[in-house]
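Thanks for asking me to look this over with you. Please have the model open while you read, and follow along point by point.

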Amino acid sequence: MILTRENILNFVITAGLILVPIYAVIVEEPFTITLATRAVIFSLAAVGLNIALGLGGMVSLGHAVFFGLGGYTMGILAFHAQSYIPLFEWPILIEGTKQMLVVWPLAMIISAIAAFVIGLLSLRTGGVYFIMITLAFGQMFFFFSISWSAYGGEDGLSIYVRNQFPLVNTLVPIQFYAICLAILMLALWINARLAKSSFGLALSAARQNTARVRNVGLDPKSIKLVAFVISGAITGLAGALFADLNRFVSPTMFSWQLSGEIMVFIIIGGIGRLYGPVLGAIIFVTLEHFLGGISEYWLVFLGLLLLLIVLFSRGGLVGLLVGRERVHE
Amino acid sequence: MGAANSCTQTCGVFMSFALFAEQVLNGLQSGIMLFVMAAGLTLIFGVMGLINLAHGSLYMVGAFAAAAAAAWTGSFLLALIAALIGAALVGMFVEMLVIRRLYDRDHLDQVLATFALILIFSEGTRFFFGSFPLFLDVPKVIAGPINLPIGIEYPVYRLIIIGVGLCVALGLWLLISKTRLGVQIRAGKNDREMIAALGVNISALYTFVFAIGAGLAGLAGALVGAIQSVQVGMGEPVLILAFVVIVIGGIGSIKGAFIGAILVGLTDTLGGIFLPELFKLFMEGSIATSLGSALASMLIYILMAVILVCRPQGLFGVEG
Amino acid sequence: MNKTILKTYNLTKNFGALRASDKISIDLRVGEIHGLIGPNGAGKTTLIAQIMGGLKPDSGLIEFDGTDITSFTTESRAQAGLGRTFQISQLAMDQTVLQNVVLGTVGERGDVWKFWRPVLAVQELRERAMESLSDVGLADKAATPVSELSHGGRRQLEVAIALTLNPKAFVMDEPMAGLGSDGSKKMTIFLDNLRTRAPILLVEHDMEAVFALSDRISVLVSGMVIATGSVDQIRNDARVRKAYLGEDS
């Protein structure tokens, strides 16, 4: 690991993510841990999107679909477990579950399938169509979840107890936080490896120049589709964790506002940067808490900040802190 | 009456001609307002290559302008004019301040910047007007029903909406095909560079086109606001529907926007009424309604998906 | 006579009323450089686009190495061994020179579905990439981001990527474009040696280079091939002179 400014920054952020919650345990501020967990889960969602957006250049304005699918997977399974009603009785008996290790793969698989279908349809055309179509599919899930009253409809679904993880007491905030942080670190590692792999190279090239990719004998569409599926799966996992954190799932997890917000995390942090999504999510959650405490119209300031960043400083905050240096390894 | 009875007997469902006709008209009405939204969007994209998420905010601005004007003057007509002009002016202002910096940027930047505008507009409006919906009343004169030649009663106001929408369609068609401005609008990007070299003020053209789109959005917002309500966030669901219309119709095509909008309006309205009824034929009442309306909410997106499979560039879109 | 590796049969393409390609039949033989010249607007770019798969012909056939590739996608044609360089360099600008060439090796190997191993650490791919870079003289610029590369460097990179694919034939669209006289001379020598590796269908405006390099030349005017022959034959062809120099010559 070379000592670059970006690597130092990443290290500092990681250290912060470890030390701040520990400090919160010492001074007995559990709410800070909840905030930190929220930031980490949002980071994970954004890391997912960044694979499609930052690496692949796919402007997906409907990533909340996967967030919501992950959340509802967790929610529906938990609902059936806590109410002792099986999910299916015929042809085979499937009951609910509150085991994280069962819920997570399921959430990821369901999100991946949705990403495959949506990606397949949306990648038929590029550019603006892709943006509009992903936005539209997000809306579709949103309205569907509102009208499907079996799982709460507009009011959402409450989950009584946090899901279980072997050897860990997940009801203790710092322990649940540790799980989420571990997953985020794993996702960041996967992201980093992916970016440097053959696949990552081709994906990044596909983002910059599809003609070039075709003329070396590769199909940019399949590459982007696979990236979109991976991206959806990771964001789906974040959704499952989010539902677990809040012990609540609702259609707002599918909303266009959330899709936009996940994208905003990445832009604030820095789109091409590994820790961009993380820094952006942390800043967002911090602003939401502090500015939101001062004014309920704090989103205006977020809007202004976003506008200024887009118009004047595309590298986001990481870019600002680290300069134009880029590691090409 | 005899036809309705035999239909009832064969279908087992109470489906009268009156209900059907009424729903078709409702579908047309919602479709045509979608067209007004989508036309502005597709025009802006066709001419300037800009995807504008803030179009829904302009819809909202129009509705609020109308509500404010109606409260102040008591005149619905003035309210509509205020909506049109107010939204156009706001649009013009936003174009000169923010939008014009985005024409040369990639779509991601446009999306983010206009998303930022949504936040600013929405929260800003909430700050000034509060979170509770305002009400814009349809004047009593046109609030009542009228007897239509096909044998049903239908609200005058909704017919007026359809009428206004058709006028907008006609007006746009005339503008684009019969005027010099229309030629400038129809010019491809390269031709535009050419006519700029010949002295045409492209910057003013873009501002004007944006203002037209904004004004149309505002008008739609006011017209629909009188039927539903005027509140923050009313524009975005319509915006996304307008996107569906554009995807179906083909981006850059006003004709596509018209056909697409009518299709979406009819599918949404008729689907929402008849799908639950259809399900009731072989399912228990409450489940049928629940599942039927859930599926109906997805219908237009399924329609969009089907068209994407068969014709990715939209019904009237240009290939490639 | 050497084997024919690439052949088009009556390729026709219309854009509305404009006939951009009018029953074009040309061929490329192993070991040769076949120059394609013609005035602006003659349809050279349209022809190349059809050969490479970017544009679908209205009628006609394209045969490569014995296979009918008319309905192949661009990527399939590249995989079949048809290498191509663009008139305007098509490069991944945010990446380095090395990364761009390594992409070529990934494509040649068909090895894109690897998600874990850092591609630049794969010895074999790196070596092959550096080999191509050395061939064009860019080895010392391997770590340079393409955005910082000179125009001449980008044209060289464009060729290097094509080399990496080990193609059975090259289609080169104005490789000299934008190169100064020095760069053009170097490129000419390079292409001269390249013909032994694979034949080249060379579209060029630089007449000196075309006449120096080509074994055969075809002349395209208004979508039609008006002449095909050796350098001398073309130089003295009345129709060619008329097309380029006007009625009076």
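Here are my notes on the chains and on a few places within them.

1. Before you start, note that this is a predicted model, where local features need pLDDT of at least 70, side-chain atom pairs count only at pLDDT 80 or more, and totals for chains, interfaces and linings use all residues. Residues are numbered from 1 along each chain as its sequence is written, while chains are lettered from A and ligands numbered from 1 in the order in which they are written.

2. Two pairs of chains touch, and the pair with the most contacts is A and B. Two residues are in contact if their C-beta atoms, placed from the backbone, lie within 7 Å. Chains B and C do not touch, with 11 Å between their nearest C-alpha atoms.

3. Where chain C meets chain A, 32 residues of chain C and 23 residues of chain A take part. On the chain C side, α2 (74-80) and α3 (97-109) each give two or more residues, and α3(C) gives the most, seven. Helices here are DSSP runs (H or I, at least four residues), numbered from the N terminus.

4. Now turn to chain B, where helix α5 (residues 107-129) has 23 residues. After α5(B) comes B:Gly130, with a positive phi near 85°.

5. Is B:Asp268 buried or exposed? B:Asp268, in helix α12 (residues 254-280) of chain B, is buried because it has 22 C-beta neighbours inside 10 Å; the cut-offs are 20 or more other C-beta atoms within 10 Å for buried, 12 or fewer for exposed, and partly exposed in between, with C-beta atoms placed from the backbone. Leaving aside neighbours within four places in sequence, B:Asp268 contacts B:Ser30, B:Leu299 and B:Ile300. B:Leu299 is 31 residues from B:Asp268 in sequence, yet their C-alpha atoms are 6.8 Å apart.

Methods. Expected span 1.5 Å × (residues − 1).
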